[in-house]
Amino acid sequence: MGAVYRRAIRKDANRLYDIRRRSIIELAPPTMTAAEAQAWAAKLTPSGMERKLRELEVWVAERGGIVAGWGAIRSDRLEGLYTAPEFAGQGVGAGLLDRLEGLMRDRRLPSVLAEASSNARGFYLRRGYRATGPQTPEGAWPIAKELST
Ligand SMILES: CC(C)(COP(=O)(O)OP(=O)(O)OC[C@H]1O[C@@H](n2cnc3c(N)ncnc32)[C@H](O)[C@@H]1OP(=O)(O)O)[C@@H](O)C(=O)NCCC(=O)NCCS
């Protein structure tokens with residue numbers, strides 16, 4: 001079943017907050033410890049999620065009418081990508097990433113910049129991203145992908 005992509009609305013905030021929290025706690029280990037995943041997940045509060053919806057361009061992927069994942073961009077930066085654990089490994093993340101890259105390409109942006117968590121690094125490298133610098137003090141990996149037109 002294909003995904004339907006749409007812009008997130010304010011009413012999605014609780015679902016998107018929940019997807020982010022569960023995706024990190026359930027999918028990020030064992031690349032990081034459970035305690036590290038908990039600490040990462042706790043960096044965002046429900047009101048922080050509402051702020052993201054105001055400040056970023058957030059897109060959701062729906063499968064069968066259910067929000068299965070979301071991703072956010074700001075200009076040429078990918079600011080987050082999360083798949084609900086019950087939809088993991090079904091192409092939701094790759095489909096969203098494709099969609100967000102397509103939006104940037106349509107806007108004539110030359111490249112996408114992002115910071116990959118250690119668990120998602122391989123996922124991005126297999127999709128044309130390259131490392132652009134050393135691991136940050138917070139443990140993320142700066143990556144970029146050229147967007148050919
Ligand atoms: C990274 C993430 C968004 C990927 O989402 P996804 O919808 O599972 O991604 P896809 O199904 O498109 O691809 C996942 C890859 O894992 C493989 N996979 C297979 N079974 C899987 C499973 N049960 N769980 C996860 N991945 C699985 C897929 O085949 C695919 O492999 P590939 O990269 O060689 O093609 C998701 O793991 C996630 O939300 N992680 C926690 C938050 C996070 O790290 N976000 C990125 C922040 S930088």
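Q: Which residues in H1 meet H3?
A: This is a predicted model, so local features need pLDDT of at least 70, side-chain atom pairs count only at pLDDT 80 or more, and totals for chains, interfaces and linings use all residues. Residues are numbered from 1 along each chain as its sequence is written, and side-chain values use heavy atoms, with hydrogens and water left out. On the H1 side they are Ala13, Leu16 and Tyr17. They meet Pro46, Met49, Glu50 and Leu53 in H3. Contact means heavy atoms within 4.5 Å.

Q: How many of those are nonpolar, polar or charged?
A: Six nonpolar, no polar and one charged. Ala, Val, Leu, Ile, Met, Phe, Trp, Tyr, Cys and Pro count as nonpolar, Asp, Glu, Lys and Arg as charged, and the others, Gly among them, as polar.

Q: What's the angle between H1 and H3?
A: About 110°, with the axes 9 Å apart. H1 covers residues 13-27 and H3 covers residues 46-55. Axes are lines fitted to C-alpha atoms, for helices over the stretch in contact, and angles run from 0 to 180 degrees between N-to-C directions. Helices (H or I, at least four residues) and strands (E, at least two) are DSSP runs, numbered from the N terminus.

Q: And what do you call that arrangement of H1 and H3?
A: H1 and H3 are roughly perpendicular. The classes are under 35 degrees for roughly parallel, over 145 for roughly antiparallel, 65 to 115 for roughly perpendicular, and oblique for the rest.

Q: Switching to rings. How many aromatic pairs?
A: Three. Rings of Phe, Tyr and Trp (its six-membered ring) pair if their centres lie within 6.5 Å; planes under 30 degrees apart count as stacked, over 60 as edge-to-face and the rest as tilted.

Q: Why is the pair of tryptophan 70 and tyrosine 82 called tilted?
A: Because the planes sit at 45°. The ring centres are 4.8 Å apart.

Q: Which strands hold them?
A: Tryptophan 70 is in S3 (residues 66-74), and tyrosine 82 is in S4 (residues 77-83). The pair therefore ties together parts twelve residues apart in sequence.

Q: Is tryptophan 70 buried or exposed?
A: Buried, with a relative accessible area of 0%. Tyrosine 82 is buried too, at 9%. Buried means under 20% relative accessible area, exposed over 50%, partly exposed in between (1.4 Å probe, protein chains only).

Q: What about phenylalanine 123 and tyrosine 124?
A: That pair is edge-to-face, 5.3 Å centre to centre with 80° between the planes. Tyrosine 124 is buried at 7%. Phe123, Tyr124 and Tyr129 form one aromatic cluster.

Q: OK, backbone now. Where is the cis peptide bond?
A: From proline 29 to proline 30, with omega near 10°. Proline 30 is in the loop between H1 and H2.

Q: What is phi at serine 75?
A: Positive, about 55°, although serine 75 is not a glycine. Serine 75 is in the loop between S3 and S4, and is exposed at 51%.

Q: And arginine 108 — what's phi there?
A: Near 65°, again positive in a residue other than glycine. Arginine 108 lies in the loop between H4 (92-106) and S5. Arginine 108 is exposed at 66%.

Q: Last one. What does serine 111 touch?
A: Asp76, Lys145, Glu146 and Leu147, not counting residues up to four places away in sequence. Serine 111 is in S5 (residues 111-116) and is buried at 12%.
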